[in-house]
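Please walk me through this structure, beginning with a single residue and widening the view from there to the whole chain.

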Amino acid sequence: LGGNDFLTLEHWRRYEELPGLADFIVLPRDGAQAEEFRRKAQILWPNLRRCEPPAGAREAWELPLGGKLLYVPQPRLDISSTLVRERFLAGRNVDFLVPAPVIEILEENRDAIQALWGNGDSGRASE
């Protein structure tokens with residue numbers, strides 16, 4: 001999740017169940033600070049337990065229901081899900097925007113993805 005999305009997580013439907021389904025990797029955007037991230041994590045899950053962060057993560061916690069929460073600051077890259085969707089649907093290259101395994105999944109499921117994402121015409125010029 002982008003840092004801004006993480007800060008709105010409590011407004012997601014059934015967010016409390018998510019730690020049982022997946023780990024969270026939060027990449028801050030727009031100058032989101034680690035302290036703001038920590039404060040929000042403790043509000044969402046008061047029983048957080050710190051654990052050893054894996055390589056690349058600055059901080060890590062064990063969440064209720066078995067998931068992990070990782071804080072992974074990265075250099076700012078202006079890559080959005082909208083950009084990836086638009087480029088993929090237009091048949092344009094998404095290399096270097098998403099990892100290779102994601103590209104494989106997109107290609108293997110192109111028909112279903114096109115049905116879900118629409119025709120890609122958002123009224124914006126493609127890059």
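**From one lysine to the whole chain**

Leaving aside residues up to four places away in sequence, Lys-40 touches Phe-6, Leu-7 and Glu-10, where contact means heavy atoms within 4.5 Å. This is a predicted model, in which local features need pLDDT of at least 70 and side-chain atom pairs count only at pLDDT 80 or more, while totals for chains, interfaces and linings use all residues. Residues are numbered from 1 along each chain as its sequence is written, and side-chain values use heavy atoms, with hydrogens and water left out.

Lys-40 belongs to helix H2 and is buried, with a relative accessible area of 13%; buried means under 20% relative accessible area, exposed over 50%, and partly exposed in between, with a 1.4 Å probe and protein chains only. A polar atom of the Lys-40 side chain lies 3.5 Å from the backbone oxygen of Leu-7.

Helix H2, which covers residues 34-44, also holds Glu-35, and this residue is partly exposed, at a relative accessible area of 43%. The side chain of Glu-35 makes a polar contact with that of Arg-38, at 2.6 Å; such a contact is a pair of N or O atoms within 3.5 Å, and within protein one must be able to donate a hydrogen and the other to accept it, with residues adjacent in sequence counting only if both atoms are side-chain atoms.

Helix H2 lies across E1, E2, E3 and E4, and runs at about 165 degrees to E4, an angle taken between N-to-C directions on a scale from 0 to 180 degrees, with axes fitted to C-alpha atoms, for helices over the stretch in contact. The four strands form an open sheet in the order E1-E4-E3-E2, with mixed pairing, and its edge strands are E1 (24-26) and E2 (49-50), each of which pairs on one side only. Two strands pair if DSSP finds at least two bridges between them; E3 (residues 59-62) and E4 (residues 68-71) run antiparallel and are joined by four bridges, and Trp-61 has Leu-69 in E4 as its bridge partner.

Further along, helix H3 (residues 81-89) has buried residues that include Leu-83, Val-84 and Phe-88, and the buried residues of H3 pack against helix H4 (100-108) and helix H5 (110-117).

Taken as a whole, the chain has five helices and four strands, these being DSSP runs numbered from the N terminus, with at least four residues for helices (H or I) and at least two for strands (E). Of its 127 residues, 31% count as buried.
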